[in-house]
Amino acid sequence: MAIAYASTPRRVGAPHRGPITSLLEDERWLAMALLLPTVVLLGLFIAYPFFEGVYLSITNTKVGVPGAFVGFANFDKIWNDGIFRVAVWNTVLYTFVTTVFKLALGLWLALLLNRHFKGKAFVRAFILLPFIIPTVLSTFAWKWMFDPTFSVINWVLFKLGVITGRINWLGDPELAMISVIIVNVWRGVPFYAISLLAGLQTISPELHEAAAIDGAPPWKRFWYVTWPLLLPVTMVVVLFSVIQTFADFQLVYVLTGGGPANATHLFATYAYQIGVGTGLLSEGAAISLAMFPVLFLVVIIQLLYIRRVETH
Amino acid sequence: MIEGAKWKRWVFFYIPLAVFIFSLLFPFYWMIITTVRPDAELYRPWNAPNYTPFWTTRPTWEHVDYLLSETLFSTWMLNTMLIALASTAISLFCGLLAGYALSRLKFPFAGSLGTGIFVTYLVPQTLLFIPLADIIRNFHLGDTPWALILTYPTFLIPFCTWLMMGYFKAIPKELEECARIDGASRFKAMIYIIFPIAVPGILSAGIFAFTLSWNEFIYALVFLSSPEQKTVPVGVTSELIRGDVFFWGPLMAGALLGSIPVAMVYSFFVEHYVAGLTGSVKG
C-alpha cells in the first residue's frame, strides 16, 4: 500500500494517491483494515472454539466418533459425578486460599521493596524469577523438593526437630492440596508484589509526610493513605489472578496429576483427564465449560470496575 | 527512609526481605545443585547420615551430557524458540495495528470491539483447549508448529493491543496532524511518525509475549504428539519420565537449560518486562 503510493509520480501541493491509499484516508476503512488480522485470528481461535465447545458439550462426541445431540445429559452426568464435585470444591478452595496468601505476602513484599536500600533494582529483578521461569519447569524443582524419600524439606524439618518421621507431601490427599497451594503462592507472590509496587510508586510521598506530621502512626498511614490509593491496582491484579488461578492446569498436572485418588483435581485437570486422557470429548468440554459462569462473573465485575474508575 | 532503632530495622525490614528472597530463589538453587550432582549422591535418602543437601563435592556434567546427547532436548529448544518468535511477531503485528485503530481512530463499534478484545484477554486457555484441539485436527494443523504459532496469538494479541493502546493514547494528536499537513497519508503518518515513538511499548509487549509463549503448556501438550515436535515444557514433562520413574538429574538439567533463554531475555530487558507486566494489569 505504501509502496504503491511511493511509486506514483508526485505533484507538488496536491499529492496523487492510489485507490487503496485514498480509501485508507477514511478513518473507518483504515480502522477496518487494521483490525482485520486481529479479528480473524481471535474469531477463528477464540470465538469459533467457544461455540464448538458449547456444541460438543450437548452431544456425545468421542475422539474419532461424531456425536449425536444429547441435550444436557453431559452436564447432568458431571453434576452427579463425585470426582467433579471434589474438583469444584478444590478449585474454589485453591483460588480462595492462594489469593488471600498471594495478596497478603505480595503486599508485604511490595511495601518492603518500596523503601530505599542498596541493591534494590537487583533484588527486584531477582524476585520476579519465579514468575518468569516457565511454570512447568520450576514446578518440577518443587516436585523434586517434595519427593518423599529424597526431600530436602523433610531433611530441614527433621534437623530443626519439627518432625520425627518422613512427610509424604504429595502422597497424602490433604498434604498434596497444601503442597499445590504452596507452589502456587510461591509463583504468584512476585507478580502481586511487582504490580502493587508499581501502584505504590504512583502514591506521592508528600501525602505520607503530611499524615506523619499530623501524628498518624505507620499503620494508620497505611490504612487511610496507602490502601485507598492502592485499591484500584489491587482490584485489577486480584481479578486477573483469580481468573488465572481458577483455570489453572500446569501446577496440578505436574505435581500430582490430580491424585492421589483424584483428591487434587481442578476443573482444568479433570477436563483434561476426561477429554484427552479417556477421549470423551463432550464430557471434557462440558467440564471446561462449567468454569464459564464463574469466569464470566469475574470478567463482568472487572469491566464494571474499570468503567467506574474511568468515569471518576 | 527506614525509621527507628537498629533492631527495628532488622526485625521489620532486613529479616523479612531476606526470608522472601531466600524462599523465592531456593527452588532455582535446588535446580542447579541437582543438575551437577552425581546420581550416587542424588538418590541418597534424606535421613541417611551422609546426606549433604546444599553442596556436592563431586560436581558432574553427566546429566547435561545425557540430556543433550540421549534426548531430543536441543530439538525442543529449537521448536520452542521458533514458535515463541513466530507467535510473538504475529501478535506484535496484529496488536500494533489494532491498538492504533482502537486508540486513535473514530469508527462505529470502536467501543464494543475494544471491550471484545479485552474480554478475550481474560479467556484462559483451559476453557477452550478441547474444542480447539478438535478444530486444529480439522484444519490438519495437529502435530505441526503451526498449531501453536496460530493459537498462541489468541492470548498474546489482546495483551499487546491493550499495552499499545496505552502508549498510543499518550502520543499527542498534533504530531500526526503536522505530518498530514505536510502531505503524508494517514497510513504513512502511522508508520513513520507514530510507530517509531511507540518502540519502547513494542519492546515491552514483545518481551512479555515471548516469555508467555515460552511458558505455555496446555496447548502444546494437547496439540502436539510426536516427540520431535514438542516444546521444552512438554518434552521435559513427557519424555524424561518413564512410567513412574523420574530421571531427576536430566530433568533438573532440562528445567535449568530450558529456563535460560527466558532468563536471558528477561535480564537484558528487566525494565521493559516490568513495564509490560504492570501495563498489562493497569488497564
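In this predicted model, Gly279(A) follows helix H14(A) and has a positive phi, near 80°. H14(A) spans residues 267-277 of chain A. Nine of its 11 residues are buried, so the helix is largely enclosed by the rest of the structure. The buried set comprises Phe267(A), Ala268(A), Thr269(A), Tyr270(A), Ala271(A), Tyr272(A), Gln273(A), Ile274(A) and Gly275(A). These residues pack against three helices of chain A: H5 (82-113), H13 (250-255) and H15 (281-289). Helix H6 (125-138) of chain B also takes part in this packing.

The crossing is left-handed. H3(A) contributes Ala31(A), Leu34(A), Leu35(A), Pro37(A), Thr38(A) and Leu41(A) to the contact. H4(B) contributes Phe93(B), Cys94(B), Leu97(B), Ala98(B), Tyr100(B) and Ala101(B). Of these contact residues, 11 are nonpolar, one is polar and none is charged.

Chain B holds 15 helices and two strands. Its C-alpha atoms fill a box of roughly 80 × 65 × 30 Å along the principal axes. The radius of gyration of chain B is 24 Å, whereas a compact globule of 283 residues would have one near 19 Å. Buried residues account for 46% of the 283 residues in chain B. Among chain B contacts between residues at least 6 apart in sequence, 78% link residues at least 24 apart.

Methods. Residues numbered from 1 in each chain as written. Chains lettered and ligands numbered in written order. Predicted model: local features only at pLDDT ≥ 70, side-chain atom pairs only at ≥ 80, totals over all residues. Helix = DSSP H or I, 4+ residues; strand = E, 2+ residues; numbered from the N terminus. Rg over C-alpha atoms; globule rule 2.2 N^0.38 Å. Buried ≥ 20, exposed ≤ 12 C-beta atoms within 10 Å, placed from the backbone. Contact = placed C-beta atoms within 7 Å. Left-handed = near helix turned anticlockwise from the far one by under 90°. Nonpolar A, V, L, I, M, F, W, Y, C, P; charged D, E, K, R; others polar.
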